[in-house]
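Please walk through this protein with me, one region at a time. Keep the sequence and the 3D view side by side as you read.

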Amino acid sequence: MQLFSAAPVARRIDVPAEARGVVSRLRDVGSDPGIFLPAVDERVLEVFRRARNPEDPIELRDLWLGRVEHERGPQSHRRAWFAEQWRSSVVRRRADAEEVLKSHATVRFVKELFNWFFRDDLYGELRESAQVILSGGSVDELNWGLPETLKECVRYALDRDWYGYSDSCGRVQARQAVAAYESARIEGASYEAGNIALSMGGTFAISTLADFVLTGHSHRVSPALCATPNYPPLVEAIARRGDVQLVPLPSIAGRMLLEPLIEALTPQTPLVLVQTAANPTGAAVDEEDLARLVRAASPSTIVLLDECHEWLGEPRTLSSWRAASNVVRVSSLSKNWSAPGMKAGWIVANTSFISDYYEYASTNFGGPPSFLYTLVEVLARMERWMITDTTRLGMAELGEFEQTYGLSLLRLQAAYDSYCKERRAREQSLHLLRDAAVLELSQVAMTYRPHYSINVLVHFEQWDDSYRCFRDLLCETGISVYPGILNFCFSGGVVRFTTARPWKDLELATARLRDLIATREAVHA
């Protein structure tokens, strides 16, 4: 049986001329209002001050939702009990930002609000109201799905019945391919298979790493540090294993500043979690800042880098400090390769760390899905060839694969050409759509131009609560956005838009939002 017995045909990816026209027409319009800081505002503090038990995350969630229902008035009559809970509450204590950022209840409260948003609101009681959903956070796979070359790898593995038990860190050939790819990405790095563990996606990987690193270390006197903005499941996974301190990081013109995180470090800090490209701002860490963070951390402090959103940006050489012995890196197919449902990715770390992690993996989950190993191997090799500007393959590239694949140089070249064509078309179209969406949204509200990712952060000055903003926009326009508080953005009407959607949806959304804001401004004029 031969891999790529038929040359994969790259899917056609087009962007409507209207989107190109927007970029051409509005290219000189500014869209970045400057500094963004996910600070704790008075609305957050008010909830903590009114709670009977500020350590009860469910009460905090219900108070937050109750205030939204109360403020929205009669149109929220279906949830009158929430509004009544808020109206019957009184201020009981003082609270400050430091208390909020260091409280375990804060992390769980945001996670419970996150659960409510998806389970009970957006895909629950309010689903019929959502005509256009721009809050998903992932690429629309129907338009920008997995490249056909990679789909063929999955079909091939299933035809070969490659879905049995395997090494708990993944098949060695796939790990070797990932190691070579990661070595090509980082200046001076020389990874081997022993530095790699294949995983079941980014969220799963960070949850297992938090458990592996923090369980049994409750004697530490310092909390784990989690930079914000961040993704609630990741932070909650860490908070379940010990104390957590949230550290808001400011962003300036797309650069996420790490100074507050460096200042919060102690020699006893067990773990630091940083998204190298923040969700939802798209701001990225600077390599020199990252080097300073790693140098400042104790050798016993694990610096955990979530790199899953670090794509759809300008190519750059990654610092050798990312390969430091106490740095653990996580990547996933969910964003960059449009495959969140496959739950596939990898962990990169020191060989001794991965060796110890093997025992943890074999005990807790056995290993990642074995039928995806061929996909990961082919993906990693072809991505490495792309970033090293390899266009014509030779016997050296063919020799990277086992003979059992039955590959020929001609078929491998055809598969690689298809992969490159589809990947480049996909990147170009997603870049264009993001640019067009940013420019259109900047006509409506303060819009932060992302340097990475498919998400865009927008600040509506007409709202002082991001969840209230979501509810009002959904009710009045049928457009679903993602509230900033769900990523620990604790102030103002900041919401996230996902731009990797069909242009007709983005165009409809921006037109309705423009009309709504114009109407509101006219009423208040």
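Where is the place of Asp389? Asp389 sits in the loop between helix 15 and helix 16 (395-398). Keep in mind that this is a predicted model. The backbone at Asp389 deserves a look. Its phi is near 60 degrees, a positive value in a residue other than glycine. Most residues other than glycine have a negative phi, and most peptide bonds are trans. Asp389 has a relative accessibility of 67%, so it counts as exposed.

Phe488 also has a positive phi without being a glycine, at about 65 degrees. Is Phe488 buried or exposed? Its relative accessibility is 0%, so Phe488 counts as buried. Look for Phe488 in the loop between strand 16 (482-483) and strand 17 (494-498).

Now turn to the peptide bonds. The bond from Thr228 to Pro229 is cis, with omega near 10 degrees. Pro229 belongs to the loop between strand 4 (224-228) and helix 11 (232-239). Asn279 and Pro280 are likewise joined by a cis peptide bond, and here omega is about 25 degrees. Pro280 falls in the loop between strand 8 (271-275) and strand 9 (284-285).

Rolling a probe the size of a water molecule over the atoms shows where empty space is left. What is the volume of the largest pocket? It is about 920 Å³. The largest pocket is lined by 29 residues, and the closest to its centre are Tyr181, Gly313, Pro315, Glu383 and Ile387. Four elements each supply at least two residues of this lining: helix 9 (172-185), strand 11 (327-332), helix 15 (373-387) and helix 17 (409-441). Helix 17 gives the largest share, five residues. By class, the lining of the largest pocket divides into 13 nonpolar, seven polar and nine charged residues.

The second largest pocket holds about 460 Å³ of space. Its lining has 25 residues, and Thr203, Tyr231, Ser334, Lys335 and Lys343 are the closest to its centre. Which helix gives the largest share of the lining of the second largest pocket? Helix 10 (residues 202-214) does, with four residues. The lining of this second largest pocket is made up of nine nonpolar, 12 polar and four charged residues.

On to helix packing. Two packed helices are described by the angle between their axes and the distance between the axes. Take helix 18 (residues 466-477) and helix 19 (residues 503-524): their axes come within 11 Å and cross at roughly 105 degrees. That angle is why helix 18 is described as roughly perpendicular to helix 19. Which residues make the contact? Helix 18 contributes Asp472, Leu473, Glu476 and Thr477, while helix 19 contributes Arg512, Leu513, Leu516 and Arg520. These contact residues of helix 18 and helix 19 divide into three nonpolar, one polar and four charged.

Begin with Asp140, in the loop between strand 2 (132-133) and helix 7 (141-144). Its relative accessible area is 8%, so Asp140 is buried. What does Asp140 touch, not counting residues up to four places away in sequence? Asp140 touches Gly145, Ala500, Arg501 and Pro502.

Asp120 is part of helix 6 (residues 104-125). Its relative accessibility is 22%, so Asp120 counts as partly exposed; the buried class is under 20%. Not counting residues up to four places away in sequence, Asp120 touches Arg79, Asn115, Glu125 and Leu126.

Finish at Ser89, in the loop between helix 4 (80-87) and helix 5 (97-102). Ser89 counts as buried because its relative accessibility is 9%. Leaving aside neighbours within four places in sequence, Ser89 is in contact with Arg50 and Leu63.

Definitions and conventions:
Residues are numbered from 1 along each chain as its sequence is written. This is a predicted model: local features need pLDDT of at least 70, side-chain atom pairs count only at pLDDT 80 or more; totals for chains, interfaces and linings use all residues. Side-chain values use heavy atoms; hydrogens and water are left out. Axes are lines fitted to C-alpha atoms, for helices over the stretch in contact, and angles run from 0 to 180 degrees between N-to-C directions. Angles under 35 degrees count as roughly parallel, over 145 as roughly antiparallel, 65 to 115 as roughly perpendicular and the rest as oblique. Contact means heavy atoms within 4.5 Å. Ala, Val, Leu, Ile, Met, Phe, Trp, Tyr, Cys and Pro count as nonpolar, Asp, Glu, Lys and Arg as charged, and the others, Gly among them, as polar. On a 1 Å grid over the protein atoms alone, a cavity is a set of points where a 1.4 Å probe fits but cannot get out, and a pocket is an open set with protein on both sides within 12 Å along at least five of seven lines; lining residues have an atom within 4 Å of a point. Grid points are joined across faces, edges and corners, and a volume is the space filled by probe spheres set on the points. Buried means under 20% relative accessible area, exposed over 50%, partly exposed in between (1.4 Å probe, protein chains only).
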